[in-house]
Amino acid sequence: MNPRIRRRTGLAAAIAGPLAFGACAREPEPAPDHVSQAEIDEAMHTPTELDFWTWVPGIEKQVALFQEAYPDIKVDVTNSGQGAGHYAKLRTALRAGRGAPDVAQLEYQMVPAFSITDHLLDLRPYGAGDLEDQFVAWVWAQVSGVDGEVWAIPQDTGPMGMLYRADIFEEHGIAVPETWEAFAEAARALHEADPEVYLTNFAPSQGAFFSGALWQAGGDPFGGSAGEDLRVDLTSEQARRVTEYWSGLAAEGVVSTDPDFSDQWYQALNRGKYATWITAAWGPVFLQSTAASTSGKWRAAPMPQWEAGDAVSGNWGGSTSAVFAVSENRIAAAVFAQFINTDPESTMTMATEQFLFPPTKALLEDPAFTGQEPEFYGGQRVNEVFAQISDTVSPDFQWPPFQDQVYADYSDTVGTAIAEGGDALGALDQWQSRVTEYAELQGFTVEES
Amino acid sequence: MSAETTTATAPQRGRGAKGRKGPRYAKTGYLFVGPFMIAFTAMFLVPLAYAAYFSLFREQLVGGSVFVGFENYARAFTDPLLFEGLGRVALFFLIQVPIMLAMALFFALALDSGLLRLAKTVRLGIFLPYAVPSVVAALMWGYLYGPDFGPIAQLADKIGATAPDFLGADLMLGSLANVVFWEFTGYNMILLYAALRAVPTELYEAAAVDGAGPWRIAWSIKIPSLRPALLLCLIFSVIGSFQLFNEPSLMKALAPNVIDASYTPNLYAYNLAFVGQEYNYSAAVSFVLGFVIMAGSYLFMFVTNRRSRS
């Protein structure tokens, strides 16, 4: 009747189609218990090509260092984009059974998503077990499996702090708030004094921020999950506290609710619409390039606390290098992932030239890193501030194996309720039930508490 | 228009030829359509069949892939998110398409009247937005709609007024309709204009002899003879509206809490597959959407055919 209809439906099918070959993907060999030094030496002297997918700009520097150390190994870098696009490509290649890289960049919240499908290689047999002491404890917990597996090597992190406009604070006589209560009062006072300015912007679809805020408050919604048993507790006391707090401020109209990383938001940062940005350790450098016109006006401080006198924070962002089980060059891939993230020169370059916030204890204590005094922050030692914050992040925070779905559901329930002035606590229940329903459809045994 | 007439008469002619002249012509015919059929089968039919097969399974993060029969379809038919999306695009269709087609018709008649100066320039000007990729169009309009930085908002600010919140929950559907209107009015106009050029001039002469003025000619000759072309435009619009994806997908970055993951059925299918990894269910949703569109298009053809017969 109408070929165009069939054709268009076919198009949808063609998009979904290639992702369906999971059934015919070949099974990777089981990982060995131990790989001897002799085997590693042999592999590292065999001419090999490694495929590495990453979005980190300038990663060629680290690759060059690696190739200098291991001249027989050649690393091909592919920039496969960042975020959802990157993971969609990875999943497609993994399901198709070919075309997947040996090593790829994975954010922390995506590590369980790839380990549950048995796509990641446990790096313990390749010497990664010995690296634990080099990394900050909470970071190491993020890449560790329930049975002690090492699923990836940490590359950078995002302990959360607060960047604020010292000039706006001074103009209105606002002290840097140390508690969330003081923060709320300052928000009211500032907006009253200048209706054009908000103390901060709560980006209602930014699930990663909300997770970090929950982390700081002591919430651990998926903590205690193991394999097929999933704990879902998105309506905990802590979650209610965080939700009530932000929905309250948004309803009062004393914080703005613009979508972040949008043109509107960039403009607002430059115009001084927001007096703070509650962000992560990667924020300072990001802000320097996106709000260049405000140079010298910003300062960094720890996040406000729920209890006066506390010093706790959460994490937002950061990523790892993971090796895929389908790799035919497992040893070389595992050595590469470890090298770029632990070699002193490689990690120092990352921290000081690519501005990735380091997860290694050595760098966080290195004056060459912490002693930097960027002009944008009036010469304040911003790295030192965030290095101290990094010590205060709780190790108790677990990601579910489908965090991208959790973020999407968050945005459509809680995020929307906060932005549109709806019933935010009711939306929290909705979020819980959506995630639970999804988890059950995915075959998990869900324990709600 | 011509497509309609050929599909209507071709089967009869084919049957006649087969009966009298034998299969020799048929063979040559197959040779001609062969390359197309191969590509069509490989690129459309096979993936389509595969997706249909695929929609009968459910692959879970835990437990792998299991055959579930029509369970995904049962879920789709009771999925409030899918129906909300379908309702939304249906509303979009009802608001946007009549305005777009009326304007396209108006422009086509105006161009055909021969009374316009610079007719070619006007025609090209109205058609030009269609040449702009819809992604670019959506980004451009997203900028124009911007609440703080957008030119409309700034202009309103200059004269002391407040621009409406184009990206807010109340106006979003209208804002999207406007983008689609901008993109596709010219395209529909060209279809209608081409159909008008195919009307035999004898009809106009006869009408003029009978004393009909330009309005009468437009109403009694031009518009009736546009019926097949209008039907074609309408069916394209049914498909386009129900498949709405690019515009809301791009506007989502500007208004993430207005456009949710299931704002339109296509967006929903996309998010099911690429965010939730529910590929099987996504395939089922795509098929349900395909059936809705097929049913909708058929309904329009049925209604208009019956009317033209009576």
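Colleague: Why is α13(B) largely enclosed by the rest of the structure?

Modeller: First, a caution: this is a predicted model. Now count neighbours. A residue is buried if 20 or more other C-beta atoms lie within 10 Å of its own. In α13(B), ten of the ten residues are buried, so the helix is largely enclosed by the rest of the structure. Among them are B:P265, B:Y268, B:Y270 and B:F274.

Colleague: What does UniProt list for residues 86-300 of chain B?

Modeller: The entry, which is unreviewed, gives "domain: ABC transmembrane type-1" for that stretch. Over residues 86-300 of chain B the chain is 75% helix and 0% strand. The end C-alpha atoms of the stretch are 18 Å apart.

Colleague: On to the two chains. How many residues of chain B are in contact with chain A?

Modeller: The size of an interface is often given as the accessible area lost when the parts come together. Here we have residue counts instead. 42 residues of chain B are in contact with 45 residues of chain A.

Colleague: Which elements of chain B give two or more residues to that side?

Modeller: They are α2 (24-54), β1 (57-60), α11 (227-242), α13 (265-274) and α14 (279-309) of chain B. The largest share, ten residues, comes from α14(B). By class, the side of chain B that touches chain A has 27 nonpolar, twelve polar and three charged residues.

Colleague: Now helix packing. At what angle do α9 and α18 of chain A pack?

Modeller: Two packed helices are described by the angle between their axes and the distance between the axes. Helix α9 (residues 207-217) and helix α18 (residues 403-420) of chain A pack at about 95 degrees, with their axes 9 Å apart. Angles of 65 to 115 degrees count as roughly perpendicular, and α9(A) and α18(A) are therefore roughly perpendicular to each other.

Colleague: Which residues make the contact?

Modeller: α9(A) brings A:G207, A:A208 and A:F210. α18(A) brings A:V406, A:Y407, A:Y410 and A:S411. The contact has five nonpolar, two polar and no charged residues.

Colleague: Last topic, domains. How is chain A divided?

Modeller: Into domain 1 (28-157 + 317-370) and domain 2 (158-315 + 374-448). Their centres, taken over C-alpha atoms, are separated by 28 Å. 20 residues of domain 1 of chain A are in contact with 25 residues of domain 2 of chain A.

Colleague: What gives the largest share of the domain 1 side?

Modeller: That is α6(A), with three residues. The side of domain 1 of chain A that touches domain 2 of chain A divides into 15 nonpolar, five polar and no charged residues.

Technical notes: Residues numbered from 1 in each chain as written. Chains lettered and ligands numbered in written order. Predicted model: local features only at pLDDT ≥ 70, side-chain atom pairs only at ≥ 80, totals over all residues. Contact = placed C-beta atoms within 7 Å. Helix = DSSP H or I, 4+ residues; strand = E, 2+ residues; numbered from the N terminus. Nonpolar A, V, L, I, M, F, W, Y, C, P; charged D, E, K, R; others polar. UniProt positions renumbered as here; feature names shortened; annotations may be inferred. Buried ≥ 20, exposed ≤ 12 C-beta atoms within 10 Å, placed from the backbone. Axes fitted to C-alpha atoms, helices over the stretch in contact; angles between N-to-C directions. Parallel < 35°, antiparallel > 145°, perpendicular 65-115°, else oblique. Domains from an automatic or database assignment.
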